[in-house]
Amino acid sequence: MNPIPMEHGLVLAGILFMLGLISVLIRRNIIFMLVSVEIMLNAAGLAFIVAGARWAQPEGQVMFIFIITMAAAEVSVGLALILQLYHQLKTLDSDAANQMHG
Amino acid sequence: MELTFYLAAAVAIVSTIMVITRYNLIHALLYLVVSFLAISVIFFVLGAPFMAALEIIIYAGAIVVLIIFVIMMLNLTHEDVQHEKEWLRPGIWLGPAILSLVLLSELLYIFTAADSPSYRGQPVEAKAVGMSLFGPYILGVELSGMLLMAGIVGAYHLGRQKRKVMHRFLEETEL
């Protein structure tokens, strides 16, 4: 197996993270913002896997499992909040989310 | 192996760009699945086959399907796509994009300035991951179990609808 330089994997993770960051900054649709957070979490997990592969240690993959668990919990709560927002305000505009009244 | 890595990386970047520029949510989610599959190929190349399987099962399977179910419950129409198009004007996205690109260029500079030796090329077995998950990291496993429980309870509590009770004389909402 030919070795892949570690910084190439890290550069890929950085590019994906920045794409997610751009998307979470420019989007007003709240579902798109949630998806962008998923992209950023996934990029962070990729960085952990790359680091784990570099030192051939299982810690990177352990951290990826924790990240994936957190992403699953976060997306379920986020989607429940989005459903409530849509039922109360009939919009997906994140600027309207300050009127949810508890 | 190298070629596989770079091809998968290119596919991941292009499909992620497509995700963040789509107006239609379903199209964006389809590109998101492609991006996750490409990243899963990268995990496989990097010697983490179990994580590649988890990426497909949890991200591309469970999470994206959950988002699709919610989109189906929301009854989004063509008007929402038009709204999305109005919300995404160049004046809005240019500033944040430039700022993020500045950060990315700093990151790239740091990665290229550091001299890191190349990847050793030996895969980490799923058994080693399991041994270390249930050895030194058992506290983290228990904490993530509690986090998932809190997520389930929180999602149920937040997603509950207020039932409307219609009476002959007065209309009130009940929990």
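The model is predicted. Chain A and chain B bury about 7100 Å² between them. One salt bridge is counted between chain A and chain B. On chain B, five residues form a nonpolar patch on the surface.

**Interface of chains A and B**

- The size of an interface is often given as the accessible area lost when the parts come together.
- Here that area is about 7100 Å², with 78% of it on carbon and sulfur atoms.
- In residue terms, 69 residues of chain A are in contact with 78 residues of chain B.
- The rule finds eight residue pairs in polar contact across the interface, both residues being at pLDDT 80 or more.
- The elements that give two or more residues to chain A's side are helix H1 (6-26), helix H2 (30-55) and helix H3 (59-89) of chain A.
- H3 of chain A gives the most to that side, with 24 residues.
- The count of salt bridges between chain A and chain B is one.
- A salt bridge joins the side chains of A:Arg27 and B:Glu84, at 2.5 Å from N to O.

**Nonpolar surface patch on chain B**

- The patch is formed by B:Phe134, B:Ile138, B:Leu139, B:Leu143 and B:Met146.
- Together these residues have about 560 Å² of accessible area.
- B:Met146 sits in helix H7 (residues 138-159) of chain B.
- B:Met146 has a relative accessible area of 58%, so this residue is exposed.

**A buried loop residue in chain B**

- B:Leu46 is in the loop between helix H2 (25-45) and helix H3 (49-74) of chain B.
- Is B:Leu46 buried or exposed? B:Leu46 counts as buried because its relative accessibility is 5%, and the cut-off for buried is under 20%.
- B:Leu46 and B:Pro123 are 77 residues apart along the chain, yet their C-alpha atoms are separated by 7.0 Å.

- Most residues other than glycine have a negative phi.
- A:Lys90 has a positive phi, near 60°.
- A:Lys90 lies in the segment after H3 of chain A.
- With 57% relative accessibility, A:Lys90 counts as exposed.
- B:Asn75 also has a positive phi, near 55°.
- B:Asn75 lies in the loop between H3 and helix H4 (78-87) of chain B.
- B:Asn75 counts as exposed because its relative accessibility is 59%, where exposed means over 50%.

Note on methods
Residues are numbered from 1 along each chain as its sequence is written. Chains are lettered from A and ligands numbered from 1 in the order in which they are written. This is a predicted model: local features need pLDDT of at least 70, side-chain atom pairs count only at pLDDT 80 or more; totals for chains, interfaces and linings use all residues. Side-chain values use heavy atoms; hydrogens and water are left out. Patches are made of residues with over 30% relative accessible area and no salt bridge: like charges are joined within 9 Å, nonpolar side chains (Val, Leu, Ile, Met, Phe, Trp, Tyr) within 5 Å. Accessible areas come from the Shrake-Rupley method with a 1.4 Å probe; for residues, only the protein chains shown count as cover. A salt bridge is a side-chain nitrogen of Lys or Arg within 4 Å of a carboxyl oxygen of Asp or Glu. Helices (H or I, at least four residues) and strands (E, at least two) are DSSP runs, numbered from the N terminus. Buried means under 20% relative accessible area, exposed over 50%, partly exposed in between (1.4 Å probe, protein chains only). Contact means heavy atoms within 4.5 Å. Buried area is the accessible area (1.4 Å probe) that two parts lose on being put together, summed over both. A polar contact is a pair of N or O atoms within 3.5 Å; within protein, one must be able to donate a hydrogen and the other to accept it, and residues adjacent in sequence count only if both atoms are side-chain atoms.
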